[in-house]
Amino acid sequence: MSSDTAATTGRRVSPVFLGIVAITAVTGWAVWTDFASTPGVAVFLFVTAAWIVSLCLHEYAHARTALHSGDISIGAKGYLTLNPLAYTHALLSVVLPVLFVIMGGIGLPGGAVFIERQRIQGRWKHSLISAAGPLTNVLFAAVCTAPFWLHALDGVPRDFQYALAFLALLQVTAAILNFLPVPGLDGYGVIEPWLSYDIRRQVEPFAPFGLLAVFAILWIPSVNGVFFDAIDAILNGLGIDDIHRYCGQELYRFWQGGNEFCSVSP
């Protein structure tokens with residue numbers, strides 16, 4: 001295979017990603033039309049597939065920005081195909097974030113694409129590469145919340161509203177967690193180019209444990225309360241009320257049984 005052919009293949013959208021998009025579309029249609037006999041299952045599949053799509057787009061944003069910033073090796077690694085299996089850690093990129101959504105209803109930052117930073121010149125470019133991923137979550141959250149803050153919910157089925165509200169919750173939590181200036185997260189990657197060499201060298205050993213430290217801190221009840229109060233305030237500001245958030249998560253967890261309150265709420 002020639003280098004040109006390999007480069008073209010490395011940038012072609014993966015059938016795996018297209019399959020996930022198709023699942024999102026079909027299950028979204030099932031939620032909208034109330035086609036599924038068990039709406040919770042349709043919501044679960046729709047939100048999970050849409051969440052994986054957002055994870056792929058998050059990593060794609062990192063890779064595409066790195067490519068235009070000077071790392072021409074990105075295409076050969078398959079990062080531009082949107083295939084979640086091509087990421088550096090497929091388990092961290094997809095499986096673990098989905099498990100956290102199922103268990104805790106929180107948007108866990110995904111895995112990583114390996115960027116050859118030595119190919120990239122300029123601190124602003126390095127910062128932009130790190131910021132590109134969580135900015136994708138911000139954009140995804142804006143799309144999910146648009147019907148709410150535009151007051152365009154007329155004609156939108158109730159269960160679909162709940163699904164969008166829960167998906168928005170995941171995107172907002174993912175964006176906030178990713179933007180934390182903690183080693184190993186994108187927020188630290190934004191400020192790292194502006195730190196002195198000595199500080200970067202001292203912080204580097206802690207990078208693999210940054211995300212674990214964040215979640216350990218979130219287990220502290222007072223910190224957890226402040227974090228979710230902030231999430232609630234953001235979503236309220238975007239027009240998503242407590243009922244939509246609560247019922248979205250309840251409907252997503254269909255295995256816990258139906259919720260009569262959500263079934264009769266407008």
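Predicted model: local features only at pLDDT ≥ 70, side-chain atom pairs only at ≥ 80, totals over all residues.
Me: What should I know before reading the values?
Reply: Local features need pLDDT of at least 70 and side-chain atom pairs count only at pLDDT 80 or more, while totals for chains, interfaces and linings use all residues. Residues are numbered from 1 along each chain as its sequence is written, and side-chain values use heavy atoms, with hydrogens and water left out.

Me: Which residues touch the most other members of the largest nonpolar core?
Reply: A nonpolar core is a set of buried Ala, Val, Leu, Ile, Met, Phe, Trp, Tyr and Cys residues joined through side-chain atoms within 4.5 Å; buried means under 20% relative accessible area, exposed over 50%, with a 1.4 Å probe and protein chains only. Here the core has 63 residues, and Val 47, Trp 51 and Leu 167 touch the most other members. The largest share, 15 residues, comes from α3, where helices are DSSP runs of H or I, at least four residues, numbered from the N terminus.

Me: How do α3 and α6 pack?
Reply: Axes are lines fitted to C-alpha atoms over the stretch in contact (heavy atoms within 4.5 Å), and angles run from 0 to 180 degrees between N-to-C directions. α3 and α6 pack at about 30°, with axes 10 Å apart. That makes α3 roughly parallel to α6, a term for angles under 35 degrees. Among the α3 residues that meet α6 are Val 47 and Trp 51.

Me: Is Phe 209 buried or exposed?
Reply: Phe 209 is exposed, at 52% relative accessible area, and lies in the loop between α8 and α9.

Methods: Helix = DSSP H or I, 4+ residues; strand = E, 2+ residues; numbered from the N terminus. Parallel < 35°, antiparallel > 145°, perpendicular 65-115°, else oblique.
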